[in-house]
Amino acid sequence: MSEELQPVFSIEKLYVKDMSLEVPHAPKIFLEQGEPEVDMRVSTNSTKLEEDFYEVVVTVTVTAKLGEERVMFLNEVSQGGIFRLSNIPEEDVNLLLGVACPNILFPYAREAVSSEITRAGFPPVLLAPINFEAMYQQNQQGNA
């Protein structure tokens, strides 16, 4: 009696792995006028923990500057998750780790960034959605 093994893709745990916020010119920066230039960088990383279990981390770094040199704030959040992937073909595992998992994690990272920046006394920063599929394909081409 051969039973077909069903593929499993599940979220085991979501957590903030690392969070930092710097406001190097406080309190004077709050008195300065001007529209800040906001730069956002996103990276992803995955690690196999044990059979069928993987950690995926999405790191979002947001820097706001007034002019070229004056940093208003620097915020970095690493949002982690442990995912279970079993009975999934190897070529699909990398796609899930590089696209599906980051798509699940990014809204949590975005909320953490917005919350931290607001608590620091600045207006909330609303981060645009990220196309993790395009990022994944770009990385694949870079590794080819």
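**View 1. Valine 60 and its surroundings in the predicted model.** Leaving aside neighbours within four places in sequence, valine 60 of this predicted model is in contact with Met40, Arg41, Val42, Asn75, Glu76, Val77, Phe106, Ala109, Val113 and Leu127; contact means heavy atoms within 4.5 Å. Residues are numbered from 1 along each chain as its sequence is written. Because the model is predicted, local features need pLDDT of at least 70 and side-chain atom pairs count only at pLDDT 80 or more, while totals for chains, interfaces and linings use all residues, and side-chain values use heavy atoms, with hydrogens and water left out.

**View 2. The largest nonpolar core.** The largest nonpolar core holds 30 residues, and those with the most contacts inside it are Val60, Val62, Phe73 and Leu85. Such a core is a set of buried Ala, Val, Leu, Ile, Met, Phe, Trp, Tyr and Cys residues joined through side-chain atoms within 4.5 Å. Two or more residues each are given to this core by β3 (53-66), β4 (70-86) and α1 (90-119). Helix α1 supplies the largest share, ten residues. Helices (H or I, at least four residues) and strands (E, at least two) are DSSP runs, numbered from the N terminus.

**View 3. Valine 113 in helix α1.** Valine 113 lies in helix α1 and counts as buried, at 0% relative accessibility. Buried means under 20% relative accessible area, exposed over 50%, and partly exposed in between (1.4 Å probe, protein chains only). Apart from neighbours within four places in sequence, the contacts of valine 113 are Val60, Val62, Asn75, Val77 and Leu127. Serine 78 is 35 residues away from valine 113 along the chain, and their C-alpha atoms are separated by 9.7 Å.

**View 4. Phenylalanine 53 in strand β3.** Phenylalanine 53 is found in strand β3 and is partly exposed, with a relative accessible area of 23%. With neighbours within four places in sequence set aside, phenylalanine 53 is in contact with Glu12, Thr47, Lys48, Ile82, Phe83 and Arg84. Isoleucine 11 stands 42 residues from phenylalanine 53 in sequence and 9.8 Å from it in space, C-alpha to C-alpha.

View 5. The peptide bond from alanine 26 to proline 27 is cis, with omega near 0°; proline 27 has its place in the loop between β1 (8-22) and β2 (37-50). Aspartate 52, in the loop between β2 and β3, has a phi near 75°, a positive value in a residue other than glycine. The relative accessible area of aspartate 52 is 22%, so this residue is partly exposed. Asparagine 87 lies in the loop between β4 and α1, and its phi is near 60°, again a positive value in a residue other than glycine. At 39% relative accessibility, asparagine 87 counts as partly exposed.

**View 6. The whole chain, for orientation.** The protein has two helices and four strands, which follow the pattern β-β-β-β-α-α along the sequence. Its radius of gyration is 19 Å, well over the 15 Å that the globule rule gives for 144 residues, so the protein is more spread out than a compact globule. The radius is taken over C-alpha atoms, and the rule is 2.2 Å times the number of residues to the power 0.38. The C-alpha trace spans about 75 × 30 × 20 Å along its principal axes. Of the 144 residues, 33% count as buried. Among contacts with a separation of 6 or more, 69% are between residues 24 or more positions apart.
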